[in-house]
Amino acid sequence: MIALIRYTFATVLHTQRYVAPLLLFMGFLGILTVNGSGPLPPAYASSGGALFVCSTWLTIALMSLDDPPQRAIVVVSSGGRSLKVLLAAIATALLSCLVLMVFGLVFPLLIGSYDVTANDLLLGVEAQLTCALVGIAIGVPCSRLLFKRQGYALVAALALVMAALFAKGMPPVNRLFTLMATTPDAAKLLGPTAGMLLIAAVILVVFVAATQFVATRRE
């Protein structure tokens, strides 16, 4: 697994497919959190939103690095287990999001004026991790594994992202942002946010299992 993760990192660095989602993350983060003040939960909701969009795009890029012949070679080299290759790509996306998460926690504090508490930081971690997991979950099926034409994959990804962001009251993303925008006390949000994080983890598992099932049947 470690060798596959290293291979995925090396390939994405070589192809520079990380550049576009990274620039998108930095752009959204700068626009949404610049010169902020007051309670931190709304600022960390903005960081989570930026990471949500970035993680979706990054995951699609990671899942689509290899064309079918090259992917077949990678699967054979890993012992013939396509699930292992899929999990390596997901692990790479998650590790990348963890690095961006640190920046998402620190950046609002550097350019804004906030009273920071440990609860605020913990809330920021929960919120961004929730958004990252949902973004990865969307990116997995909206990739070359299920969509041979990238235009269709893009439409599907946009539809799922927009639904997650704007479907009123839908957990975990829209519900999470609503809570963080209306409740300034981070301590009161830790419990509900942990629940949203659990839902996000379940969504990721379901989407990965469904994608693997369909992709295996096609092979």
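Which residues in H8 are buried?

## Helix H8 and its surroundings

In this predicted model, the buried residues of H8 are Val173, Asn174, Leu176, Phe177, Leu179 and Met180. H8 itself spans residues 173-182. The cover over its buried residues includes H3, H6, H7 (150-166) and H9 (186-218).

Met180 has contacts well away from its own place in the chain. Leaving out residues up to four places away in sequence, Met180 touches Pro41, Pro42, Tyr44, Ala45, Leu123, Ala127 and Leu189.

## H6 against H8

H6 and H8 pack at an angle of about 155 degrees. Their axes are 10 Å apart. The pair is roughly antiparallel, because angles over 145 degrees count as such. The crossing is left-handed.

From H6, the contact uses Leu123, Ala127, Thr130, Cys131 and Val134. From H8, Val173, Leu176, Phe177 and Met180 take part. By class, the contact residues are eight nonpolar, one polar and no charged.

## H5 against H6

H6 (residues 118-139) also packs with H5 (residues 82-111). The two axes come within 10 Å and cross at roughly 145 degrees. This crossing is right-handed.

H5 supplies Ile90, Ala93, Leu94, Cys97, Leu98, Leu100, Met101, Gly104, Leu105 and Leu109. H6 answers with Leu121, Gly124, Val125, Gln128, Leu129, Ala132, Leu133 and Ile136. The contact of H5 with H6 holds 15 nonpolar residues, three polar and no charged.

## H3 against H5

H5 meets H3 as well. Their axes come within 9 Å, crossing at roughly 155 degrees. H3 and H5 are therefore roughly antiparallel. The crossing is right-handed.

On the H3 side are Ala43, Tyr44, Ser47, Leu51, Cys54, Ser55, Leu58, Thr59, Leu62 and Met63. On the H5 side are Leu86, Ala89, Thr92, Ala93, Ser96, Cys97, Leu100, Met101, Gly104, Leu105, Pro108 and Leu109. These residues divide into 16 nonpolar, six polar and no charged.

## Nonpolar cores

The largest nonpolar core has 55 residues. Phe52 and Met180 have the most contacts inside it. Two or more residues come from each of H2 (19-33), H3, H5, H6, H7, H8 and H9. H3 gives the most, with 11 residues.

A second core is separate and has six residues. Among them are Leu4, Val74, Val85 and Ala88. As background, nonpolar side chains tend to be buried together in soluble globular proteins.

Beyond its neighbours within four places in sequence, Ser143 is in contact with Ile60, Met63 and Ser64.

Asp67 lies in the loop between H3 (41-63) and H4 (68-77). Asp67 counts as partly exposed because its relative accessibility is 39%. Its C-alpha atom is separated by 19 Å from that of Thr56, which is 11 residues away along the chain.

Key:
Residues are numbered from 1 along each chain as its sequence is written. This is a predicted model: local features need pLDDT of at least 70, side-chain atom pairs count only at pLDDT 80 or more; totals for chains, interfaces and linings use all residues. Side-chain values use heavy atoms; hydrogens and water are left out. Axes are lines fitted to C-alpha atoms, for helices over the stretch in contact, and angles run from 0 to 180 degrees between N-to-C directions. Helices (H or I, at least four residues) and strands (E, at least two) are DSSP runs, numbered from the N terminus. A crossing is left-handed if the near helix is turned anticlockwise from the far one by less than a right angle, and right-handed if clockwise. Contact means heavy atoms within 4.5 Å. Ala, Val, Leu, Ile, Met, Phe, Trp, Tyr, Cys and Pro count as nonpolar, Asp, Glu, Lys and Arg as charged, and the others, Gly among them, as polar. Buried means under 20% relative accessible area, exposed over 50%, partly exposed in between (1.4 Å probe, protein chains only). Angles under 35 degrees count as roughly parallel, over 145 as roughly antiparallel, 65 to 115 as roughly perpendicular and the rest as oblique. A nonpolar core is a set of buried Ala, Val, Leu, Ile, Met, Phe, Trp, Tyr and Cys residues joined through side-chain atoms within 4.5 Å.
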